[in-house]
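Q: Please take me through this structure feature by feature, giving the general idea before each case.

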Amino acid sequence: MKKVVLLCAACLGFSLIGIPIDAKETAQGQEITGEEVRSLVSQSDSPDFKSKFKETLEKELIQKGVSNPEELLSSNKPLPDFVIDIAFNIMFNTNIPLMNMNDDLIVSGDPEEGSAEWYVTSWYNHLENTSYRYINAHETYRDIRGNEVSHPIKLRSRYIDHGADKTAILYHGYRANWFDTIRQAKFFSDEGYNVLMVASRALNGSEGKYITFGYYEQDDLNQWISDEVAQTNPNQKIVLQGISMGAATTMMSQTTPHPNVFAYIEDCGYKGLVSEDAGEFVSAIFGQFNQKTEERLGFNLNQISPLNSVSKNELPKLFIIGSEDTEDNVIGTDDLFNASAGYKEKLVVEGAGHGQAFETDPELYQRTMRNFLKVALKQNISSFELPDYHTSTGLSVNELDLPTEVDTKLEDGTQVSVPVSNWEMIHYDENKAGNYTFSGTVEEVDGIDNLNNLRPTLNVITHPILKKIEILNKNMELQQGNELQINVQLTDENNQVINDDWVRNQVQYKVEFDSANTTNNHNVSVDEDGVINTDANTAVGTYKVTAYSGEVSTSTSLEVKKNQENFNLYRLYNESSGEHFYTLSNDERSNLISYGWTDEGVSWITSESGDPVWRAYNPNTGEHIYTASLAEYENLYSKNWVKEGHAFYSMNTSEGIPIYRLYNKQKA
C-alpha cells in the first residue's frame with residue numbers, strides 16, 4: 001500500500017497527529033521583543049516545545065469528550081471528523097492561538113547582532129526608499145457548515161526602490177514573520193536590485209484566513225510580478241527567491257514562466273505535500289484529510305507539487321539546503337535538482353538547519369547567489385546584424401575602417417551592441433573591386449555569453465576609384481517653375497566608364513548663382529539625385545552647377561529664364577500709407593494681402609527682357625520707389641535706402657508704352 005505523509009511548508013518534521021508542523025516559523029501575532037522571538041525560536045526544536053502542541057491538541061480533544069486522547073492519536077484507526085477538523089485548522093487556518101500571524105510582528109528591544117530582527121532595526125528601518133505595495137486578490141472557501149464564503153482580500157508587501165531595471169521578489173515561509181527574508185533583502189539591495197518582500201495571504205498584514213501551501217499563493221506571486229512590471233517598465237528583469245513554503249510557491253508559480261522572470265532561487269522548499277515514506281497511521285488518515293481539504297479549500301493535496309513544476313521550465317534555478325535540515329527535505333532537494341530542466345546549481349550549507357543556511361555561512365551563501373545571478377543574467381548571442389561595408393579599392397586591410405562594435409540579437413530578442421576585433425580575411429585583393437567576407441572576434445561583455453562561439457561576418461564591397469566626372473547636359477537652360485535632371489558620366493583611372501551605383505551615389509551637387517540676382521528672388525535648388533528645381537519666383541540669370549565627389553569635381557553653367565506665364569505685374573494699395581506697390585511675385589502679393597493691402601489685380605504685362613527697373617525701400621518711411629536709373633538706385637542706397645533688386649523689366653522706348661512716375665509732396 002502506498003504510504004504518504006503530510007509535510008507542511010517548513011518540513012522540520014516534528015509530528016502532530018502525523019502532520020509535521022513548522023514550529024520554527026511560528027510566533028504570536030502581536031508586539032513582542034526580539035528576545036521573546038529568539039526564545040520562542042530556540043524552543044522550537046525542543047521536546048518541551050513539541051509537547052506543548054500535542055498537549056494543546058489533547059486538551060481540545062478532552063473538551064470534545066475524548067477520555068483518552070493519547071490512545072486516539074496513536075491508533076491506526078480512522079480519526080473522528082472533529083479531530084480532522086482540528087488538524088485542518090492547525091495546518092491551514094491562520095487565526096489560531098500561538099500560531100496566529102495575521103498581524104505584523106513589530107520588532108523592538110535590542111536584538112542580537114546578525115539576527116533577522118537585528119537587520120530590521122539596524123538596516124531596514126533606516127532606509128529612506130521603502131514603501132508598502134498592495135494588490136487585490138480573492139479568497140474562496142467553505143465554512144464548517146459547508147457554506148461557501150467568497151470575498152476580496154488585499155495583499156501587502158514591503159518595497160525597496162532603487163529605480164533599477166532588476167527586481168528581486170522574496171517570499172517567506174509557512175507562518176513566518178515578514179522579516180523571514182530580511183537577510184536576502186539586504187543582499188539584493190546591496191547588489192542594486194529593487195526588492196519586494198511579499199507578505200503571504202492571511203499573514204503579516206495581508207488579508208485572508210487560510211494558508212494553502214502555495215496553491216493559491218502561486219497566483220498571488222504572479223500577480224505581484226505583473227504589478228512590479230507595470231510599475232517599472234515592460235522589460236523589467238525579475239528574480240524570485242522563496243524560503244520553505246515561499247520556495248515551493250516560487251517553484252509552482254513558474255510552471256509556465258512569467259516572461260520577465262530570468263531566474264529563481266529556492267531555499268529549503270519542499271517537493272510536495274505528499275511523501276512516499278510514512279507510517280501506517282498517517283497513511284490511514286491521509287484520505288480523510290485530503291477529502292477535508294478538497295471540501296473546504298477546493299484543491300487536492302497532490303496538486304501541491306513543486307517537483308512537477310521544476311521539470312516544465314528551463315529557467316535558471318539555484319537550490320539551497322542545509323545539511324542538518326530534515327531528511328525528507330535534504331532528499332527532496334536532491335529530487336528537485338535532478339528533475340529540474342535548464343541551467344541549475346545546488347548549494348548544501350554544512351551544519352545549517354531548516355531555513356538557516358544564510359545565517360550559518362553568510363559568506364558562502366552570498367557568494368554562491370552572486371555568482372549564480374551573474375550566470376542567470378547573462379544572455380546568449382543568437383545572431384549578428386551587420387550592413388554591408390562599402391569602400392574604394394586601394395586600401396589595405398589595416399587601412400579599412402572596419403567597425404569596432406556590431407549589433408547583436410540575444411536569445412530573448414533583445415538587441416545590443418557588442419565590441420568586436422581581429423577582423424580576418426584570407427583572400428583580400430586591395431587592388432580589385434569585388435565582395436570580400438571578413439569574420440571578427442566578439443570581446444567579452446558583462447551579462448552576455450557567446451556559448452556557441454559565433455563570429456560576426458562582414459561583407460566588404462570594394463568599388464572602382466573615381467577619377468573624372470563629366471556633366472553630359474549641354475547648354476543647360478530652364479524656365480522658372482520647371483526642373484532639370486543633371487546627367488553625369490563617371491570614369492576610373494583607366495578612363496573606363498564606371499557603372500557602379502555606390503560610386504554614383506557618392507556624387508553630390510551644388511548650384512551657385514553667377515549673374516543671377518537673388519536679392520529679391522529665390523535661388524535654384526538641387527537635390528541629392530542631381531535634380532535642379534525652380535519655382536515661379538526663382539531669380540533669372542546664369543548659375544554655376546557643380547558635380548563633385550571627394551576631390552574630383554566639374555562645373556558647367558545653367559541659364560534660368562522667365563516663364564512666359566509669369567510676366568503679370570501685380571499692383572497693391574495700402575490705405576494707411578497711400579502707397580502703391582508693384583511685384584511679379586504671386587507669393588509676395590498674397591503675403592501683402594494677408595497684411596491688409598488691397599489687391600488691384602494685374603497692372604500690366606511686363607517684358608521678359610529689356611531695361612531692369614530697380615526697387616528700393618526706405619526703412620524709415622516704409623515707402624518703395626521704382627526707377628530705371630541705376631544711378632538713382634545707387635544714390636538712394638547711399639542715403640540708407642535698402643536695395644531690393646530689379647522688380648521687373650521695361651521694354652525699350654521704341655517698342656513699349658511709357659510708364660509715368662509722380663511724386664506727392666504732401667505725403668512726403
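Q: Which residue in S21 is the bridge partner of Lys468?
A: Strands here are DSSP runs of E with at least two residues, helices are runs of H or I with at least four, and both are numbered from the N terminus. In S21, Thr491 is the bridge partner of Lys468. This is a predicted model, in which local features need pLDDT of at least 70 and side-chain atom pairs count only at pLDDT 80 or more, while totals for chains, interfaces and linings use all residues. Residues are numbered from 1 along each chain as its sequence is written, and side-chain values use heavy atoms, with hydrogens and water left out.

Q: How many bridges join S18 to S21, and which residues of S18 lie on its covered face?
A: Two strands pair if DSSP finds at least two bridges between them. S18 (residues 468-471) and S21 (residues 488-491) are joined by 4 bridges and run antiparallel. In a regular strand, side chains alternate between the two faces of the sheet. In S18, the covered face carries Ile469 and Ile471, and the uncovered face carries Lys468 and Glu470.

Q: In what order do the strands of the open sheet of 3 strands lie, and which of them stand at the edges?
A: The order is S28-S27-S29, with antiparallel pairing. Strands S28 (580-583) and S29 (598-605) are at the edges; each has a single partner strand, so one side of each lacks a neighbour in the sheet. Angles run from 0 to 180 degrees between N-to-C directions, with axes fitted as lines to C-alpha atoms, for helices over the stretch in contact. Neighbouring strands of this sheet are turned by 25° against each other on average, direction ignored. S27 (residues 568-573) is linked to S29 by 5 bridges, and Asn568 stands opposite Ile605 in S29. Helix H15 (residues 586-594) lies across S27, S28 and S29, at about 15° to S27.

Q: What is the strand order of the open sheet formed by 8 strands?
A: The order is S3-S4-S6-S5-S7-S8-S9-S10, and the pairing is mixed. S5 (residues 166-171) and S6 (residues 194-198) run parallel and share 5 bridges; Ile169 stands opposite Leu196 in S6.

Q: Which strands does helix H8 lie across, and which does helix H13 touch?
A: Contact means heavy atoms within 4.5 Å. H8 (residues 245-253) lies across S5, S7 (237-243), S8 (261-267) and S9 (317-322), running at about 140° to S7. H13 (residues 362-377) packs on the sheet and touches S5, S7, S8, S9 and S10, its direction making about 155° with that of S8.

Q: How many residues has the largest nonpolar core?
A: In soluble globular proteins, nonpolar side chains tend to be buried together. A nonpolar core is a set of buried Ala, Val, Leu, Ile, Met, Phe, Trp, Tyr and Cys residues joined through side-chain atoms within 4.5 Å; buried means under 20% relative accessible area, exposed over 50%, and partly exposed in between (1.4 Å probe, protein chains only). The largest core has 33 residues, and Ile182, Phe188, Met197, Val239 and Leu373 have the most contacts inside it. H13 supplies the largest share of this core, 5 residues. Apart from this core lies another of 29 residues, including Ile86, Met91, Tyr174 and Leu273. Beyond four places in sequence, Val239 touches residues including Ile169, Phe188, Phe262 and Leu373.

Q: Is Arg175 buried or exposed, and which side chain does it contact?
A: A polar contact is a pair of N or O atoms within 3.5 Å; within protein, one must be able to donate a hydrogen and the other to accept it, and residues adjacent in sequence count only if both atoms are side-chain atoms. Arg175, in the loop between S5 and helix H6 (182-190), is buried, with a relative accessible area of 0%. Its side chain makes a polar contact with the side chain of Tyr174 (3.1 Å), and a polar atom of the Arg175 side chain lies 2.6 Å from the backbone oxygen of Asn93.
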